[in-house]
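Please walk me through this structure, beginning with a strand and its neighbours and then turning to the aromatic side chains.

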Amino acid sequence: MTDAPARTLLLWCPDWPVLAAELVDGVPATGAVAVLHANRVVACSEAARAEGVRRGLRKREAQGRCPRLTVVDHDPGRDARAFEPVVAAVEELAAGVEVVRPGACALAARGPARYLGGEEAAAERIIEHVAQTCAVESQVGIADGVFAAGLAARDGRVVPPGGTPGFLAGLPVEALGRPALADLLRRLGVRTLGGFAALPAGDVLARFGFDGALAHRLAAGRDHRPLAVRRPPADLAVTADHDEPIDRVDAAAFAARALAERLHDRLAAHGLACTRLGIEAVTADGQELHRVWRHDGLLTAAAVADRVRWQLDGWLTGSAGRPGARPTRPTAGIIRLRLVPDGVLARADLQPGLWGETGEERERAHRALSRVQGLLGPEAVVTAVLGGGRSPDDQVRLVPWGDERLPARPGEQTGPARAGELAGPARPGEPTGPARPGGLAGPVRAGGAGGPGHADRSGGAGGFDRSGGPTRGGAASSGRGASPPWPGRLPPPSPAVVLPAPIAATVHDAAGEPVGVSARLQLTAAPARLAVGAARPVEIVGWAGPWPVDERWWSPAEARRRARFQVCLADGAALLLAVESGQWLVEAIYD
């Protein structure tokens with residue numbers, strides 16, 4: 001697409017969630033304040049930043065850095081309600097204001113620049129008017145497109161026409177607001193938006209997908225929305241008349257939800273989805289109110305209802321803001337409410353979900369899990385993140401819902417691993433064989449066949465010695481290099497159930513004597529029976545191993561040395577066993 005983005009003026013209020021907490025709840029923004037969501041800091045005051053508090057920190061770490069920190073829960077409704085007077089003040093000087101999010105609003109720069117004497121004069125006039133009307137400090141950025149204008153507002157900068165690509169080129173890739181993409185780009189050697197924009201668009205789409213292609217357009221200074229937004233027919237708007245004026249927030253929220261459902265159903269019947277929503281209200285004394293909300297994605301029925309509720313809450317509450325700010329509450333209740341889909345997209349290419357619209361089930365799940373967290377605490381709802389490790393219990397990390405899903409350890413490695421934190425060496429007579437399709441890894445022996453410590457020499461237990469040198473074999477190798485990923489890692493298949501706490505067990509040979517493992521990883525006898533806990537012994541019909549692990553030997557407090565085995569039992573069960581300090585343990589169960 002060759003269309004040039006329109007000149008955009010964006011007004012940004014720094015640390016808006018903190019300021020909204022002061023305007024609505026009376027929390028002094030001049031002190032050390034942090035706003036938390038899902039137990040992490042999403043915004044903080046200048047005083048808190050001076051003490052080392054940053055976005056993304058956990059609550060405990062933030063309070064450790066700043067003991068006098070005042071913690072406030074994140075409330076999008078409060079932020080939107082407090083921001084309404086600011087948007088109303090901007091609208092007194094310019095038409096067509098769009099709320100990007102609470103704390104930021106955008107409008108076309110051409111109109112204000114023409115009748116206020118230029119872009120810089122318009123920016124200064126709007127900042128001064130907001131300060132006088134609402135007693136709120138703000139910054140304005142002007143550039144080609146909403147994305148670039150938002151970044152320019154951080155520095156209060158006016159980017160000259162045509163200079164947006166150059167302005168963006170030197171910014172880090174983190175400015176895209178996509179942490180996962182930014183981390184991947186940095187690992188690929190791309191550190192600036194200019195370097196990202198220089199990549200071929202087709203290659204970016206093939207490697208990073210649609211979201212990466214959208215980010216690539218942003219980095220190049222092109223329009224932030226790659227799909228053409230068209231004006232919908234007039235009959236798509238929905239209107240609700242009320243005999244009794246609405247002057248309470250709860251009644252307004254009920255009316256908003258019903259109207260949002262009607263709008264969503266009407267758009268769905270035409271195969272459309274809303275991206276920009278106009279909210280219009282008429283009061284009993286004839287006062288007309290209008291506001292436009294913008295969204296980069298597609299507004300679902302719940303998202304439309306939330307924005308209507310926030311807007312009506314802002315109108316009806318009429319927050320006066322700081323001392324000296326003018327009240328914005330209407331003089332009478334609302335008797336007519338109208339929703340206008342100001343921008344829509346054809347959604348013929350979207351596949352509906354099995355039990356609802358696209359993404360609806362994920363949003364319901366997110367709301368439900370967030371609600372459980374609010375009742376029981378952030379640690380009550382956790383999700384599993386896979387990472388690297390040598391045993392199944394090492395490869396899973398549980399993180400609270402909403403937290404960043406980062407593995408505790410890196411995944412597969414294709415190069416040599418660091419010396420020291422490695423599996424023990426594979427000695428002659430001690431390696432294990434490769435995994436067999438549909439069965440246990442390594443050689444599976446029947447009964448007590450094969451002597452103690454016997455193994456199939458067709459494959460080695462690829463590993464490294466303590467100096468980092470490679471040993472023979474390589475059953476766990478990925479085939480992408482001479483060094484296997486996570487030396488000593490169990491080969492597939494993976495167990496179906498990993499026990500939260502290993503269960504003690506005993507292993508006996510055919511004569512009923514306990515089976516042990518020597519310092520050279522040799523079994524004292526072939527395993528014949530297994531007893532788990534106090535249960536009766538069960539015959540072992542097949543086994544594989546050992547897979548040795550000798551981790552962190554340089555740190556006595558953290559050192560761990562063990563050998564792992566896979567066993568098949570006569571009752572059809574398959575277990576993962578480990579021997580550590582002479583004790584047999586059941587670590588996992590195979591399906």
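The model is a predicted one, in which local features need pLDDT of at least 70 and side-chain atom pairs count only at pLDDT 80 or more, while totals for chains, interfaces and linings use all residues. Residues are numbered from 1 along each chain as its sequence is written, and side-chain values use heavy atoms, with hydrogens and water left out.

Strand 1 covers residues 7–12; helices (H or I, at least four residues) and strands (E, at least two) are DSSP runs, numbered from the N terminus. Of its 6 residues, 6 are buried, where buried means under 20% relative accessible area, exposed over 50% and partly exposed in between, with a 1.4 Å probe and protein chains only. In a regular strand the side chains alternate between the two faces of the sheet. In strand 1, Arg-7, Leu-9 and Leu-11 lie on one side and Thr-8, Leu-10 and Trp-12 on the other, and both faces are covered.

Strand 1 pairs with strand 7 (residues 139–144) in the antiparallel sense over 6 bridges, two strands being counted as paired if DSSP finds at least two bridges between them. Within this pairing, Thr-8 stands opposite Ala-143. Strand 1 also runs antiparallel to strand 6 (residues 104–108), to which 5 bridges join it, and here Leu-10 stands opposite Ala-106.

Trp-12 of strand 1 has a further contact, since the charged end of Arg-154 sits over its ring, 4.3 Å from the centre; this requires NZ of Lys or CZ of Arg within 6 Å of the ring centre and within 35 degrees of the ring normal.

Across the whole structure, a search finds 6 aromatic pairs. Rings of Phe, Tyr and Trp (its six-membered ring) pair if their centres lie within 6.5 Å, and planes under 30 degrees apart count as stacked, over 60 as edge-to-face and the rest as tilted. Trp-16 and Phe-83 form an edge-to-face pair, 5.3 Å centre to centre with 70° between the planes. Because Trp-16 lies in helix 1 (residues 16–25) and Phe-83 in helix 4 (residues 76–91), the pair ties together parts that are 67 residues apart in sequence. Trp-16 counts as buried at 2% relative accessibility, and Phe-83 is buried with a relative accessible area of 2%.

Phe-196 and Phe-208 form another edge-to-face pair, at 6.2 Å centre to centre and 85° between the planes. Phe-196 belongs to helix 10 (residues 193–197) and Phe-208 to helix 11 (residues 201–219), 12 residues apart, and both Phe-196 and Phe-208 are buried. Elsewhere, ring pairs link Trp-543, Phe-565 and Trp-584 into a cluster.
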